[in-house]
Amino acid sequence: MAARRMANGEASSRYEQRRLEVLRAAARTFNRLGFHVATLDDVAAELGVTKPALYYYAKSKDELIFACGKRALDALAVVLDKSGGPNLTARQRLCRFFALYAEVICEDFGRCLALTEPGDLSPDSRTKTVAGRRALNHAIREMIRDGVKDGSLRACDERALSMALFDSFNGLARWFDSDGAQALAEVVEQYLAIFLQGVSPVQASPAAQLNGAKAAPRRGGRPARAARAKP
């Protein structure tokens with residue numbers, strides 16, 4: 001009995017390992033050719049098997065694309081957990097999340113998720129995938145609201161900022177090349193600087209405050225207009 005259970009466990013492990021290889025091949029194929037253009041024959045060719053052999057692991061393109069996206073969403077759920085930490089401001093948590101998010105999005109399954117439109121999926125797969133994406137979006141919006149409360153971010157439209165961040169980072173799936181001249185960490189740093197410097201608490205420099213205090217008044221007590229430059 002114990003030997004049979006061990007044999008069944010080993011068979012299950014081999015199946016799952018092979019299925020993971022199938023999913024990675026499918027993700028690479030969809031990312032390279034596009035979901036609508038790619039066929040199961042293309043996936044089989046990428047994997048080096050026949051199409052009938054592929055049916056043992058997946059019956060349709062929809063099953064493959066959904067499973068690839070689910071792998072990515074599962075990884076991003078872990079990323080969300082890792083982005084927290086004691087004594088971190090919400091801004092720091094936000095930066096940590098998107099640094100890890102970029103790593104996932106630039107892998108096979110992450111690219112597949114980012115490049116797949118909800119309309120490409122069957123109704124049931126679409127509902128589940130959209131729910132996973134929406135959960136991430138809501139978590140980031142809450143993080144932004146926390147940043148406004150703790151003072152690490154200025155007041156802003158959390159929905160607009162969240163969507164802009166996700167849209168920008170999802171774009172990495174289309175153009176980022178790990179063999180390119182720029183490292184992913186550098187791109188992430190630039191993206192976050194562009195976005196988050198624009199929502200940092202606004203503090204006027206001492207020089208700006210001094211210049212404002214010295215503005216010359218005119219009649220009526222209003223500040224004088226700057227002289228208009230001659231053409």
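Biologist: How many aromatic pairs does a search of the whole structure find?

Modeller: The search finds 13 aromatic pairs. Keep in mind that this is a predicted model.

Biologist: How are the rings of Tyr-15 and Tyr-56 arranged?

Modeller: Ring pairs are sorted by the angle between their planes, and over 60 degrees counts as edge-to-face. For Tyr-15 and Tyr-56 the planes stand at 90° and the centres are 5.5 Å apart, so this pair is edge-to-face.

Biologist: Which parts of the chain does the pair tie together?

Modeller: Tyr-15 belongs to helix α1 (residues 2-33), while Tyr-56 sits in the loop between α3 (51-54) and α4; the pair therefore ties together parts that are 41 residues apart in sequence. As for cover, Tyr-15 has a relative accessible area of 25% and is partly exposed. Tyr-56, at 55% relative accessibility, counts as exposed.

Biologist: What is the geometry of the pair formed by Phe-169 and Tyr-191?

Modeller: Phe-169 and Tyr-191 are also edge-to-face, with 5.3 Å from centre to centre and 80° between the planes. This pair links distant parts of the chain, since Phe-169 is in helix α8 (residues 158-170) and Tyr-191 is in helix α10 (residues 184-196), 22 residues apart.

Biologist: Are Phe-169 and Tyr-191 buried or exposed?

Modeller: Both are buried. They also belong to a cluster linked by ring pairs, whose other members are Phe-97, Phe-98, Tyr-101 and Phe-166.

Biologist: Which residue lies over the face of Phe-35?

Modeller: That is Lys-61, at 4.5 Å from the ring centre.

Biologist: Now the core. Which residues touch the most other members of the largest nonpolar core?

Modeller: In soluble globular proteins, nonpolar side chains tend to be buried together. Here the largest nonpolar core holds 55 residues, and those touching the most other members are Phe-30, Leu-64, Leu-94, Phe-98, Phe-169 and Leu-172. Helix α4 (residues 61-82) gives the most to this core, namely eight residues.

Biologist: What does Leu-94 touch, leaving aside residues up to four places away in sequence?

Modeller: The contacts of Leu-94 are Ile-140, Met-143, Ile-144, Leu-153, Leu-165 and Leu-196.

Biologist: Where is Ser-162, and what does it touch beyond residues up to four places away in sequence?

Modeller: Ser-162 is in helix α8. Its relative accessibility is 0%, so Ser-162 counts as buried. With those sequence neighbours set aside, Ser-162 touches Asn-137, Ile-140, Arg-141 and Ile-144.

Biologist: How many residues of helix α6 are buried?

Modeller: An α-helix has 3.6 residues a turn, so residues three or four places apart point the same way. Helix α6 (residues 108-115) is mostly covered, with six of its eight residues buried. The buried ones are Phe-109, Gly-110, Arg-111, Cys-112, Leu-113 and Ala-114.

Biologist: Which residues does the UniProt annotation "DNA-binding region" cover?

Modeller: The annotation comes from an unreviewed UniProt entry and covers residues 39-58. In the model, this span is 60% helix and 0% strand, and its end C-alpha atoms lie 13 Å apart.

Biologist: What are the figures for the protein as a whole?

Modeller: The protein has 11 helices and zero strands. Of its 231 residues, 33% are buried. Among contacts with a separation of 6 or more, 63% join residues 24 or more positions apart. The protein exposes about 14300 Å², and carbon and sulfur atoms supply 53% of that area.

How values were computed: Residues are numbered from 1 along each chain as its sequence is written. This is a predicted model: local features need pLDDT of at least 70, side-chain atom pairs count only at pLDDT 80 or more; totals for chains, interfaces and linings use all residues. Side-chain values use heavy atoms; hydrogens and water are left out. A nonpolar core is a set of buried Ala, Val, Leu, Ile, Met, Phe, Trp, Tyr and Cys residues joined through side-chain atoms within 4.5 Å. Buried means under 20% relative accessible area, exposed over 50%, partly exposed in between (1.4 Å probe, protein chains only). Helices (H or I, at least four residues) and strands (E, at least two) are DSSP runs, numbered from the N terminus. Contact means heavy atoms within 4.5 Å. Rings of Phe, Tyr and Trp (its six-membered ring) pair if their centres lie within 6.5 Å; planes under 30 degrees apart count as stacked, over 60 as edge-to-face and the rest as tilted. A charge sits over a ring if NZ of Lys or CZ of Arg is within 6 Å of the ring centre and within 35 degrees of the ring normal. UniProt positions are given in the numbering used here, feature names are shortened, and annotations may be inferred rather than shown by experiment. Accessible areas come from the Shrake-Rupley method with a 1.4 Å probe; for residues, only the protein chains shown count as cover.
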